[in-house]
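Work through the exercises below with the structure on screen. Try each task before reading its solution.

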Amino acid sequence: MNLRQRDRINPHLDLDTVDAAADLMALNMGPQHPSTHGVLRIKLFLDGEVIIKAVPYPGYLHRGVEKLCERLTCVQLTPIFDKHDYVAPMTNEQALNIALERMLGVEVPRRARYMRTILAELQRLASHLLWLGTFTLDIGGTIGGGASLMMYTFREREPILDVFEMLTGARFHYNTHQVGGNRHDIPDGWAAAVKTCMDQLAARMPEYEEQCVTNSVFLMRTKGIGVIETPLALELGLTGPNLRASGVDLDLRRDAPFHAYDEIKVNVAVSNGCDTHARFEVRIAEMYESIRIVRELIDNVPEGPICSLKPVRTVNQIKLPEGKQMYTAIETPRGELGTWLIGGGAEKGACPYRLKIRPPSLHAMAALPYALVGHTVSDVVAVLGSLDPIMGEVDR
Amino acid sequence: MMGPVDPALREALAKQFPDVFAAEGDLDPNGVVVPAALHVALAKTLKESFGFTLYVSVIATNFPTAEGETYEVATVLRNPTTAQPFWWRVRLGADPQLATLYPLFAGADWQEREQFDLVGVNFVDHPDMRRLMLSEDWEGFPLRKSYAIDTPHTPWR
Amino acid sequence: MIPNPWLNGLVVGGAVLAVLMTLGALASWWERKFSARLQGRVGTTILGPWGILQPFADAAKMIQKEDLIPRDADRVLFYIAPLFPVTLVLGLAAVIPFAGYWADGVWHGAAMVADVDVGVLFVLALSGLMVFPLWMAGWASNNKYSLLAAMRAVAQGVSYEIPMVLAALVPVIASGKLSVTGVIAWQAEHGWIVARLPVVGFLAFVLFYLTSLAEANRIPFDIPEAESELVGGVITEYTGIKSGLFILSEYLHTLVASAVATGMFLGGGHVPGLAGLPIWAQVVISLAAMWFKTLALFVSIYWIRWSWYRFRSDQLMELCWRYLVPGGLGLVASTAVAVSLGWV
Amino acid sequence: MAIDDGRSFEHPLYHYWENSPGGGIGLTTLDRLLMHSARHSLWFFPMATSCCAIEFMTAAASRVDLDQAGTIIRPTPRHCDVMVVAGTITVKMAPRVKKLWDQMPEPKWAIAMGSCAICGDFYRDIYSVVPGVDVIIPVDVYIPGCPPNADQVMVALQRLQEKIKLQLEGKFVERDLRPGTMIYPKIGTHGDARQSAEVAQAQLDGARGLGVGGKEHRVPRPAAVQAPPEADATSDSGEQS
């Protein structure tokens, strides 16, 4: 059994070659299912309850965003990007605007970079809180302990959304970034609100962690389940917490700094477990780290302008150079969110010619056929929950 | 920005693919254009000799020109130890066919299916070249420039 | 209490039926409020004081819903399956004495529908039957989720039957009686099983409690009705009052299982210091004591439910066959040894 | 025993009771009681696809707590009364939405939550998006917003209860109109000052309750309480697709 996972498991297994006497049952999970995190559909071929082959079918939320991006100008794109990963809109906006800034060579003021860092970390907290709730909901059931923890994490998420609302006026889908900086400056009392929120969360996080890791059933359900070995994780292009849980020490915040991450120290959590529980551990550690970063930065936001370009007056005031193309990536709560941007589209270059979004969740979903084989139907929801997919980002 | 490429890597690439990589001067920041025949060989070299083991993305783009439709397929890899990305482009003609990277990178499975689905680039020898995002019976490739954005689809829209 | 068994069955049976059905309905309201407070919410507030009328509104709504049968379902089985769970559970309650009194130095059961000599067997047999309606519903629905749920339910029900019987054997061996009244009377005389058999009794009680949870499909053993995996379990395809009957039967099952555990291990309605009081006072106090103990167990079941995660089906089987069954055998053997040596 | 064939539904007990002597009075009282129960026990079926699903989950959590109004969220359509369409419906998803709606037992209602479910929002012109879920299923209450705040779900629930009450009392129930009466700019026609003014004017008209070109689109509320139900079916604008 020393075969690599890639060689051991064939996601394109021809079922006719499987022993015909093993009467396989095909079970469709989704697209409407309480635990598929939206509208993923997975077709499972079961022998009893054991999965022989799993075929995910994404695309039930394919909204043609890449086509839409070719028709909208760079200024109009930000609110579209909010809706890809609707659990972490803030980092999605940043991914777009960093791509545009790097293509145009625009410098971002230091104050705006600090603000973006704080917002990204707060968004990581909000996103991971929602992940913790839905993950335990999948394991514990909508009527059960998981639901209780989900209610707690939603309660903790609310103050973070309130902080965002103070800054931007929206609970989510903020549209607060623009090329060259931010749109909304920090209001009075915002830093105090953030600090209160972080204190509260820092006090309660150990409780939530404890509810999971001291529960023997939780450990039984997560340890050794959904293993994605390191070489396979790299080949699949898993990024973010999923990759770090497979033992690869790669975090773009530290290794390819953007925002103000080059001015601060980021401790990267890595686990060699490769399984569902390792992904749980990594995300929990990231939450503590995010709280630390926010607390460190919130008092040190430098004074100065928040945007280096003049405010938006018309939708086509930013023009991309023709014939230039580049790949830009930042670290979002789900991993490496990249954009392949080709300049010089419609409206005399105000629109991108092509904007391909590299969604971390899609790569995570591609791991499912490998991670699910040999487990039971119950484990599907645990593995899926631990990969933290957002269907808006998978399907775009 | 691809960033500065490791000189050792530059040298080795120039030695192995002398027609593609110049030994001197900056690499094309838009991505080096590689002949389609060298696509798999370059990926294999990068993965096995230079540690570019993280499969990042594949991007197909449609460029309608006066002579006819052309396509570009860009591939992005990353070295997980240095976090250095590396990308190159392949230019294809009106009937886009390119060898698949699936034997090298398991992640190419879905990414190439997605590009086939939306742009219509056919990846040869892919084990399962079906549409990924749209339904199986969909007509046309939405991300081609000739495809109207508001194409109706009765009875739903 | 009432000499004529027919009259007794009619009067007490009617009373028990009414009380249990009302409590079963209120249990759903109570669970909603309880879980809401546990989760930092308020729960139902609008209908009636504290929203207490909510389960009745739910029932009235369910009656009005369209009664759908899937096209390819097994129509006969699909139609009759919802009738069984509630019937079986109420049947379980028939042999439980909900009160009792001292007369001539002997504890007599009261407020019970039928004093069956083999009451313990009757209880175990009926709870063994509980998997059949689930299987019928799961099979007849022609839905793969229901089928998987039914498979799990049968595997779980049949497996957990064994440790449950073993746990129930401990009070039976200790008391030498097979009727629930007899076991309670022995406990009234010699002390409750949990205390009389110092360690063994308590372990047997825990075992019985756990297996009752499994039989009633409650977390952490609720894999047949795993919402996050199998959508709605066996009741996925049932609409309206049919699904309502399944849901009601689950509440009733936990209630009755708590009552049985109380009777078998916690002395039923017996509390010390009753002897000498007038009979009517003894009956009232013991009735209150019985319900107090039962509801305490009932609350603990839901407390566990709203704070634990669920097992996977194979882990559940492993727990049963690797730990609970040998443990149960050990408990029975040690009880038998203790009884034969005259320690009990 | 009814077979799921999509026909309308009437409970068989009604016939027996109505034909018995004096049954009419009892039936009216019972009807009120039952309908009162029904509208306070609306179980939600989350047709949750995208962003609004998160706000819908928030509505079930502690800040809003849908459970207050007796609402339970069940994952199977067979147990539910109200389908909440929260999120974009794509062409690939649309047949599933229709099927799930057909699987719900009568009486049933639908809530369209968020601009995507109402009209497709800015995805409305894209090849794979259904421009509003009312293309597929009849919607009773619309919740505008992108996404609507969580408490708006509670408001929509109250609006639905009010409609059910009016229906019970035999009164005229005004049809909720699509809130999006503004004209959506076609994609690719942005950036032009003249068109921006047009859009601004259209927004202004929409806010005033006027349709395209200042035409009145809203059906005036009838003077008589008991209006023929056909009268509410006309809305000639607000649909630009």
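**Exercise 1. Start from one atom pair: what do the side chains of Arg396(A) and Glu114(B) form?**

Solution. The two side chains meet in a salt bridge, with N to O at 2.6 Å. The term asks for a side-chain nitrogen of Lys or Arg within 4 Å of a carboxyl oxygen of Asp or Glu. Next, take the total: chain B and chain A share five salt bridges.

This is a predicted model, in which local features need pLDDT of at least 70, side-chain atom pairs count only at pLDDT 80 or more, and totals for chains, interfaces and linings use all residues. Residues are numbered from 1 along each chain as its sequence is written, chains are lettered from A and ligands numbered from 1 in the order in which they are written, and side-chain values use heavy atoms, leaving out hydrogens and water.

**Exercise 2. Describe the side of chain B that touches chain A: which element gives the most residues?**

Solution. List the elements that give two or more residues: β2 (54–64), β3 (69–79), β4 (84–92) and α3 (108–118) of chain B. Helices (H or I, at least four residues) and strands (E, at least two) are DSSP runs, numbered from the N terminus. β2(B) gives the most, with eleven residues.

**Exercise 3. How much area do chain B and chain A bury between them?**

Solution. First count residues: 49 from chain B and 49 from chain A are in the contact (heavy atoms within 4.5 Å). The two chains bury about 4000 Å², 59% of it on carbon and sulfur atoms. Buried area is the accessible area (1.4 Å probe) that two parts lose on being put together, summed over both. In chain B, Trp110(B), Met133(B) and Ile149(B) lose the most area to chain A, together 18% of what that side buries.

**Exercise 4. Is Ala150(D) buried or exposed?**

Solution. Locate Ala150(D) in the loop between β5 (141–143) and α6 (151–168) of chain D. Its relative accessibility is 6%, so Ala150(D) counts as buried (buried is under 20% relative accessible area, exposed over 50%, partly exposed in between; 1.4 Å probe, protein chains only). Beyond four places in sequence, Ala150(D) is in contact with Glu55(D), Thr58(D), Ala59(D) and Val64(D). The C-alpha atoms of Ala150(D) and Glu55(D) are 5.3 Å apart, across 95 residues of chain.

**Exercise 5. What average pLDDT does chain D have?**

Solution. Chain D averages 72, and 68% of the residues score at least 70. pLDDT is the predictor's confidence in each residue, from 0 to 100. Over residues 181–195 of chain D the pLDDT is below 50. Where pLDDT is low, the predicted coordinates should not be read in detail.
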